[in-house]
Amino acid sequence: MIRYIKDLLKNSWALLVGLAVTMRYMFRPKTTVQFPEQKKELGDRYIGYVKMMYETEGEHAGVTKCVACMACVVVCPVSCIQVTHDKHPDPTKKRIAKEFILDYVKCEFCNLCVEACNFDAIIMGHDYELALYDRSVMDMVLVKDMKYHDDLYDASRRQTGSANRSITSPREREIIEVINKKEHEERIKKAAAQSENAS
Amino acid sequence: MNTMLSAILGVLILFGVIALQGLILVYMERKVSAWMQSRLGPNRVGPWGLLQTAADIVKLLLKENIRNERSDRVIFFLAPILAFVAPFAAFVTVPFAATIGFRDLDMGAFYVFALGSSVVFAVIWAGYGSNNRYALIGAMRSAAQMISYEVPLVTAVLGVFLVAGTLSLREIVQLQSQGLWYVAVQPLGFVLFLVAATAESNRAPFDLPEAESELVAGFHTEYSGMKFAFFYLGEYAEMLVSSCVLVVLFLGGWLIPFANNANVPTWLHLLSFVSKVYLIIFLMMWFRWTFPRLRVDHLMAFGWKVLMPLALVNLLATGLIVYWLKS
Ligand code: SF4
Ligand code: SF4
């Protein structure tokens, strides 16, 4: 009898504790992210899909940084990268990718190509809205005629009407801002030295 | 002829009010559940998602009514109607305010409980008529549950009737206006009634008849479209009617606390009544989104080993005290 009453009181107390928990949660800030309007903060190392880097300033702005060394083509486990090469417009460099095509249907986002690239020419972008209506546009042309080419972005923008496609990751920004600048300065120095030598 | 007309008008008004309440309650349920789970709840259709339930009704109206080929046609058809009509009819005797209410029966409380227990027929009909084993198991559980919770439910309110000495809901409220509300006189009865009423209206944590994880949707597995909507509406109507009865019996009906209720406008009384009812409904929703579903044997054990003895003790104590005071 005493045990019955004891249990009753103890269990009722437990129920009240449970009610208090839900009541507390009711007034907490909500965790929902309302997707199309709000987006989640992504981590620095988030792996979206392969993105091509290109010169942002100087004489060859818009020209790809890929020098067609084929390291990524070799390392890619599903062989989804195709690169053709041409002579680099900058006389201090030898080769440049004429066309860089990535079959995004096959790509498994393993990040190996990015690790293989010695020139920071490709990185893993921060885009995750990757659905498209048509398989054929998934052959993403990252470089065309040596220029940075945003085929997939264009295609998906056309089809889904999504406005802000190009999310720049911190890594991307870093590469664009720091390394590009440094290389550019180095090249200017080299050119100056060359002209000094010539004179 | 005139009474006929007014009766029809009354039914129409009541139906409109309950349907509207159903819409509001579904919306409220979703919002409350969302907030308790750190979500936002409906917020796309209309301002703050207010039109979400209206959109749902349109969807349900447009849906095809599918009937199992070997189901029992008549019973299958009647079940959702009874599920809605029984709680709907119970509203007839609920006094909404001092001068508002459809009919004042002197056996009002008895009438309400009788209709409340007839909902079990709807559930069993639905289970039997569907020719579906999930539905049948749900219905069987429901029969066991509703019958065993009916007993503590009624035993718990008997205390109130002992104190009040009447079964008319309106008179019970008027008696409360002269003294304490019965929640202060019968606190145990109040708690027992709240729990048993939650079980009676098949709401979580007592929603075994429709336990999704085991029985798909329990007794209404085979129902679609508007028939399903009627079950849904019936559940909310039942919840509404049990909270109305709870408010009338224990929380002083339309009375405004700590105020002189003699010369207060009717609309304030109505407001007080509605806000109390919504408070109780919120409490039920709070239960639903806090407690996990009981297991069948625990459910029975809880009904017979906890609620029932407590109700009996409450009844005995009340009876003795009332007898002692009167003599
Ligand atoms: S991420 Fe992996 S699969 Fe995709 S292109 Fe690079 S190496 Fe190939
Ligand atoms: S992306 Fe990098 S690794 Fe691949 S071919 Fe171009 S420079 Fe070489």
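How many residues of chain B are in contact with how many residues of chain A? I looked this up first, taking contact as heavy atoms within 4.5 Å, and found 17 residues of chain B in contact with 15 residues of chain A.

**Ground rules.** I am working with a predicted model, in which local features need pLDDT of at least 70 and side-chain atom pairs count only at pLDDT 80 or more, while totals for chains, interfaces and linings use all residues. Residues are numbered from 1 along each chain as its sequence is written, chains are lettered from A and ligands numbered from 1 in the order in which they are written, and side-chain values use heavy atoms, with hydrogens and water left out.

**Interface.** I noted that chain B and chain A bury about 1,500 Å² between them, 68% of it on carbon and sulfur atoms; buried area here is the accessible area (1.4 Å probe) that two parts lose on being put together, summed over both. On the chain B side, B:Ser38, B:Leu40 and B:Trp286 supply 33% of the area buried against chain A, more than any other three residues.

**Confidence.** For chain A I read a mean pLDDT (the predictor's confidence in each residue, from 0 to 100) of 75, with 75% of its residues at 70 or more. Where pLDDT is low, the predicted coordinates should not be read in detail.

**Ligands.** I then listed the surroundings of the ligands, a residue being near a molecule if one of its heavy atoms lies within 4 Å of it. Of the 13 residues around ligand 1, A:Cys76, A:Cys80, A:Cys107, A:Cys110 and A:Cys113 come nearest. The residues around ligand 2 include A:Cys66, A:Cys69, A:Cys72 and A:Cys117, and also A:Phe100 and A:Phe119.

**Backbone.** I found a positive phi, near 50°, at A:Ser79, which sits in the loop between α2 and β2 (81–87) of chain A. A:Asn111 likewise has a positive phi, near 75°, and its place is in the loop between β3 (95–103) and α3 (112–116) of chain A. Most residues other than glycine have a negative phi.

Note on methods. Helices (H or I, at least four residues) and strands (E, at least two) are DSSP runs, numbered from the N terminus.
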